[in-house]
Amino acid sequence: MGFLRPGSLRFKALVAVIMVVLSPAVFVWSTSLVDTGSIAILRTDLTAATTSAVRGAREGTLDLEGIATARRVRIRVLDADGTTVLHDTDHDGDPRWYHPITEPWFGPEGRPDPAVWDAGAGPLAGRPEILDAAASGTASFCGVGGRSDLLVCAEVRRVETPEGTRTLHIQRSVAQSTRALWEDRFQMTQLTLIVLVFAVLLTLWLGTRWVRPIESLRDQALARTQHGVSTQPLTIERRDELGEVADAFNTLLAAIEQRNQANEAFAADLAHELKNPIAAVRTAAEALESGKPLTEARAERLHRILTDSSKRMQLVIDRFLELARAEAGLVQKHVEPVDLVGLVNGLLHGLRVDERFGGMAFELVVDGDPRPLDGDEERLETAFRNLLINAATFASPDGRVSVTVRAWGRALDVAVQDSGPGIAPDDLPRVFDRYFSKRQGGTGLGLALSKAIVEAHGGELLVESPPGSGALFTARFHR
């Protein structure tokens, strides 16, 4: 039956409810095992105490306190007729470690006290076990005394001691905390069966109400894989946790749709960027097939066109691949502790000896105690190289580029500041867009690539350009 197939939520909920409803009845029916165990312990203690007491009395070495304490019994020594109590040592009612745990089972009257029962049972001389022992020398007694949850057992022995004939009365009791439950087991079973019917019906009804929206989400999700993949949002009108699950799915679908649009734009940008160099290569190929004489000047011009176009295509493809890898995130096997101070210092040294920036000043400021950042060193080097070259390009020939590595709280900042003209307010929102560039000969991918790499490391790349202060790019990593 598919409605209650094993492993389904409805089936699991039904099994759980049945187990919960039946557990009280099962517990009540199993209480006889508890009582059987406690009675066995009682008989063992009583037999051992009687044996030790009889032997000690005969030998004149009777240790009433030691035996009573060890076996948790009450020992009374009477005269030969059993009418006068000579010694009385009681450890039958001593508290046990488990008493506080079982106390609630005894109801408002509390745990039965063996001393109270014994006081109400009358004088020892008139009890059946004493009378039987007077005739035969030995007697036993075991029965429920007073309240139904107290079982009392006693052993009586007439013993010849160095002081004369004595009667030993050894008594042991056990409070049966589950006896009342056992007596009500049939009523409990009837009530359990009645409750079980209602519980099963309620579970089936609630299971349907809970599972049906999940099945609706499943069907809608599967429908979006038929006849082409669709990222249309799922529809479920609920305000509970299932509604939150649907909202989470819709958020995921929206992110997938956004990534699809980004991929389409990515492919369109690549095609657009490659269109011009491909057209130049085609023009050069057609010129070679035109039949015109290939003069030295013409060959040099065609060679220059093919070389420049191929370099342009190679640069664009390489940048696109780097950007795609960065936007895909980090590969864990490449992650290792990276010393950003040492990495930036090495990049600045390379720029200082670069003839393009011969008159420019580069400086590094370290604030705090920057610890290594877990990341891909090669990609981080690419990101900061792009930022530094961008800053150096827009700074004047005798300008300045400063880098500040600052640790604060759980964050780590790498700020690149240049002394150039800054970024126009209208251009600030677009500086990280692909193919947006104000630099002659730039691909417009450098800053986009740097931003993707920083975000792949769990950080963010911020930009600001206060009037007259150049541009400031800050890569902020949260550790």
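Start with the disulfide (a pair of cysteine sulfur atoms within 2.5 Å): a search of the whole structure finds one. Select Cys142 and Cys153, whose sulfur atoms sit 1.8 Å apart. Cys142 belongs to strand β3 (residues 138-144) and Cys153 to strand β4 (residues 150-161), so the bond ties together parts that are 11 residues apart in sequence. Helices (H or I, at least four residues) and strands (E, at least two) are DSSP runs, numbered from the N terminus.

Before you click on: this is a predicted model, where local features need pLDDT of at least 70 and side-chain atom pairs count only at pLDDT 80 or more, while totals for chains, interfaces and linings use all residues. Residues are numbered from 1 along each chain as its sequence is written, and side-chain values use heavy atoms, with hydrogens and water left out.

Now colour the two cysteines by accessibility. Buried means under 20% relative accessible area, exposed over 50%, and partly exposed in between (1.4 Å probe, protein chains only). Cys142 has 35% relative accessibility, so it counts as partly exposed; Cys153, at 3%, counts as buried.

Next stop: the largest nonpolar core, with 38 residues. Such a core is a set of buried Ala, Val, Leu, Ile, Met, Phe, Trp, Tyr and Cys residues joined through side-chain atoms within 4.5 Å. Select Leu340, Leu380, Phe384 and Val401, the members that touch the most others. Two or more residues each come from α10 (340-352), α11 (377-394), β9 (400-408), β10 (411-418), α12 (446-456) and β12 (472-478). Helix α11 gives the largest share, seven residues.

Zoom in on Phe384. Which residues is Phe384 in contact with, leaving aside its neighbours within four places in sequence? They are Leu340, Leu343, Leu347, Val414, Ala475 and Phe477, where contact means heavy atoms within 4.5 Å. Apart from this core lies another one, of 18 residues, including Val54, Leu64, Val77 and Ile170.

Last, look for aromatic pairs. Rings of Phe, Tyr and Trp (its six-membered ring) pair if their centres lie within 6.5 Å; planes under 30 degrees apart count as stacked, over 60 as edge-to-face and the rest as tilted. The count here is two. Pick Phe357 and Phe362: their ring centres are 6.5 Å apart and their planes at 80°, so the pair is edge-to-face. Both Phe357 and Phe362 are buried.

Then select Phe432 and Phe473, also an edge-to-face pair, at 6.1 Å centre to centre and 75° between the planes. Phe432 is in the loop between β10 and α12, and Phe473 is in strand β12, 41 residues apart.
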